Amino acid sequence: MFKFRKKEKTIQIKMPFDGVVIPIEEVPDEVFSKKMVGDGFAILPSGDTLTVTSPCDGTLIQIFKTNHAAGICTNEGLEMIIHVGIDTVNLKGEGFTRLMEAGSKLVAGDPLIEVALSTLTAYGKATVTPVVFTEKAQVKALEVAFGEKKAGETVCTVTMKG
Amino acid sequence: MKFTIQNETGLHARPAALVVETAMAFDAAISIKKAGNAYNAKSIMSLMSAAISKGDEIEICSDDSKAVAAVVACLETLV
């Protein structure tokens, strides 16, 4: 019955790798847990080596020079950051391998970064990976499916402001 | 106003979030220039993509001098 109303854009975000989805509030870094960077969710990765893949169709805006985080814009214009581990900027790239360059067009599932989780653990860094929507003005509602998920499964549905 | 970044990890997630929070309080556009490129001080993605590191000289630009002062004050508190 709402068919003729202005359409709200909803975007489905896929799991970038296998893991357990937890609330962003449980991330042990207040920059994320207090949503300073934006609202979202976090993933506890499974396994030793991680291939971070694109959670959506869109564009790779940025891979940070230390390769520990990627900025992605969906085809609808929704911006997000995938930040692998906590405080991992201080590893200065160790343990991270870039698989895709900034500016690339992405299809959900495209590999972006390979991560040796053992390197993070060896330096005492948490491997929990926040996925946050950085433009607060874009997000109207966020629905997250918590728990264990496989790469490519839908983890979050974002309703964008019109 | 020019400013030299002093904190060890540069303008990464935490500092960028703080700068954006400060900048958002003002209506005026605020940009941070590094090496000739301008980045939007109200966008975390934009600021983080600037990869501003320790020792970098940046310039904070806005028509609102209070906004510039607030962003500089925010940058000064970073450790």
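Which residue forms a salt bridge with R14(B), the closest N and O atoms being 3.2 Å apart? The residue is D29(A). The model behind this report is predicted. D29(A) sits in the loop between strand 2 and helix 1 (30–33) of chain A, and R14(B) sits in helix 1 of chain B, so the pair joins two chains. With a relative accessible area of 12%, D29(A) is buried, because the cut-off for buried is under 20%. R14(B) is partly exposed, at 38% relative accessibility.

## The contact between the chains

Chain B gives 13 residues to the contact, and chain A gives 21 residues. Interface size is often stated as the accessible area that is lost when the parts come together. Here chain A and chain B bury about 1400 Å² between them. Carbon and sulfur atoms carry 69% of that area. On the chain B side, the residues that lose the most area to chain A are H12(B), R14(B) and M45(B). Together they make up 41% of what that side buries.

Two salt bridges cross this interface. In one, the side chain of R14(B) meets that of E30(A), at 3.8 Å from N to O. R14(B) also pairs with D29(A), at 3.2 Å. A network of salt bridges links D29(A), E30(A), K34(A) and R14(B).

Between chain B and chain A, three residue pairs are in polar contact, both residues being at pLDDT 80 or more. Helix 1 (13–24) and helix 2 (44–49) of chain B are the elements that give two or more residues to the side touching chain A. By class, that side of chain B has seven nonpolar, five polar and one charged residues.

## A serine at the boundary

S43(B) lies in the loop between strand 3 (37–40) and helix 2 of chain B. Is S43(B) buried or exposed? S43(B) counts as buried, at 8% relative accessibility. Its side chain joins that of E135(A) in a polar contact of 3.2 Å. Neighbours within four places in sequence aside, S43(B) is in contact with E135(A) and V20(B).

## Chain B as a fold

Chain B holds three helices and four strands. Along the sequence they follow the pattern β-α-β-β-α-β-α. The radius of gyration of chain B is 11 Å, close to the 12 Å from the globule rule for 79 residues, so chain B is as compact as a globular protein of that length. Its C-alpha trace spans about 30 × 25 × 20 Å along the principal axes. Of the 79 residues in chain B, 54% are buried. Among contacts in chain B with a separation of 6 or more, 64% are between residues 24 or more positions apart.

## Salt bridges

Over all chains, the structure holds 10 salt bridges. The table lists some of them.

| Pair | N to O distance |
|---|---|
| D29(A) and R14(B) | 3.2 Å |
| E30(A) and R14(B) | 3.8 Å |
| K150(A) and D18(A) | 3.8 Å |
| D39(A) and K35(A) | 3.5 Å |

K150(A) and D18(A) meet in a salt bridge. K150(A) is in the loop between strand 13 (147–149) and strand 14 (154–160) of chain A, and D18(A) is in the loop between strand 1 (10–14) and strand 2 (19–23), so the pair ties together parts 132 residues apart in sequence. K150(A) is exposed, at 53% relative accessibility. D18(A) is partly exposed, at 30%.

D39(A) forms a salt bridge with K35(A). D39(A) is partly exposed, with a relative accessible area of 28%. K35(A) is partly exposed too, at 27%.

Key: Residues are numbered from 1 along each chain as its sequence is written. Chains are lettered from A and ligands numbered from 1 in the order in which they are written. This is a predicted model: local features need pLDDT of at least 70, side-chain atom pairs count only at pLDDT 80 or more; totals for chains, interfaces and linings use all residues. Side-chain values use heavy atoms; hydrogens and water are left out. Contact means heavy atoms within 4.5 Å. Buried area is the accessible area (1.4 Å probe) that two parts lose on being put together, summed over both. A salt bridge is a side-chain nitrogen of Lys or Arg within 4 Å of a carboxyl oxygen of Asp or Glu. A polar contact is a pair of N or O atoms within 3.5 Å; within protein, one must be able to donate a hydrogen and the other to accept it, and residues adjacent in sequence count only if both atoms are side-chain atoms. Ala, Val, Leu, Ile, Met, Phe, Trp, Tyr, Cys and Pro count as nonpolar, Asp, Glu, Lys and Arg as charged, and the others, Gly among them, as polar. The radius of gyration is taken over C-alpha atoms; the globule rule is 2.2 Å times the number of residues to the power 0.38. Buried means under 20% relative accessible area, exposed over 50%, partly exposed in between (1.4 Å probe, protein chains only).
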